[in-house]
Amino acid sequence: MRAHANPTPALETRGLTIRFGGHVAVNAVSCAFRPGELTCIVGPNGAGKTTYFNLISGQLPPTAGQILLNGEDVTRMPVSAKTRRGIGRAFQLTSLFPNLPVLENVRLAVQAHQHRGLDLFSVWSSHRAIREEALACLERVALTDKRNQPVASLSHGDQRKLEVAILLALKPRIFMFDEPTAGMSVDEVPVILDLIHEIKQDTSKTVLLVEHKMDVVRSLADRIIVLHNGTLMADGDPAEVIASPIVQQAYLGTAEVVTEAAPEVAHG
Ligand SMILES: Nc1ncnc2c1ncn2[C@@H]1O[C@H](COP(=O)(O)OP(=O)(O)OP(=O)(O)O)[C@@H](O)[C@H]1O
Ligand SMILES: [Mg+2]
């Protein structure tokens, strides 16, 4: 476990809840996330992991509860305001410009972060710096050689890498990754996992990672929280959470049960 020098959580949800009709997708989730900590969020399909992210980033308005960013209540703020305050969610590709080259898309994100979109003079004066920063983001996700291709022509894996490059361009304080390697080929996966590992070394950053692959969870998590039916079921040290019988039996599947502290099985 890491020591937490800063007692104020970077991000906190208090009683965060959303109902869809009669269905409570996220149910009174109270949880605090600190700088320098990577928290993996696990749980079965439909547990509410993505919905929890959608609430935090502002894509969905909560039915009840609060979201605090460095102690400030941001519960009702729109996505743009939360992004400006440092909440970084990988962009959906639908919000990119599919016919523009890869580099242009990242450049626009760098520019947006610098709030220079409407100031023509500063755009020109910093044109080279913006381009270099965009190239650096592409380099970190190993997309440099695709920089001149239109986004629409990228493979699924490369599009996901581009999402991460754009996230980097926005320089968030809170990184939210929702199954970042889903759909990637085996040789693409390490690029993203190494990058997340690198981000996690920066003790000013807070990382939330939704991940189904337990080997990834084991290698990256400082802490694991478990969601089930929208409810926070477990929260703590990775080894303890993974070994807990409730997680072993109900949420991680039998393939994981044998690896650590296998529970006693009564044969009858
Ligand atoms: N906009 C919506 N309208 C109605 N129901 C929704 C909406 N978004 C999510 N849900 C429901 O909320 C529940 C939680 O879904 P969510 O996508 O958050 O699960 P998840 O934990 O991310 O699952 P997975 O591991 O499959 O990605 C599901 O029952 C889902 O059908
Ligand atoms: Mg999901």
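1. The largest nonpolar core holds 64 residues. Val 106, Leu 138, Ala 165, Ala 169, Leu 209 and Ile 224 have the most contacts inside it. Helix α6, residues 156–169, gives the most to this core, with 7 residues. Domain 1 (1–86 + 172–268) and domain 2 (93–171) both give residues, so the core lies between them. A nonpolar core here is a set of buried Ala, Val, Leu, Ile, Met, Phe, Trp, Tyr and Cys residues joined through C-beta atoms within 7 Å. The domain bounds come from an automatic or database domain assignment.

2. A word on the model and its labels. This is a predicted model: local features need pLDDT of at least 70, side-chain atom pairs count only at pLDDT 80 or more, and totals for chains, interfaces and linings use all residues. Residues are numbered from 1 along each chain as its sequence is written, while chains are lettered from A and ligands numbered from 1 in the order in which they are written.

3. Look next at Leu 138. Leaving aside residues up to four places away in sequence, Leu 138 touches Val 102, Leu 103, Val 106, Leu 143, Thr 144, Arg 147 and Ala 165. Contact means C-beta atoms, placed from the backbone, within 7 Å.

4. The protein chain has 11 helices and 10 strands. These are DSSP runs numbered from the N terminus: helices are H or I with at least four residues, strands E with at least two. Of the 268 residues, 38% are buried. Buried means 20 or more other C-beta atoms within 10 Å of the residue's own, exposed 12 or fewer, partly exposed in between, with C-beta atoms placed from the backbone.

5. One open sheet has 4 strands in the order β2-β1-β4-β5, with antiparallel pairing. β2 (23–33) and β5 (72–73) stand at the edges with a single partner strand each, so one side of each has no neighbour in the sheet. Strands pair if DSSP finds at least two bridges between them. β4 (residues 64–69) and β5 pair over 2 bridges. Leu 68 has Asp 73 in β5 as its bridge partner.

6. Arg 14 sits in strand β1, residues 11–20. Arg 14 counts as partly exposed because it has 16 C-beta neighbours inside 10 Å. Its C-alpha atom is separated by 6.6 Å from that of Cys 31, 17 residues apart along the chain.

7. Finally, ligand 1. Phe 20, Ala 25, Gly 43 and Lys 49 are among the residues that surround it. The cut-off is a C-beta atom, placed from the backbone, within 6 Å. Helix α1 (residues 49–57) gives the most to this shell, with 3 residues.

Notes. Contact = placed C-beta atoms within 7 Å.
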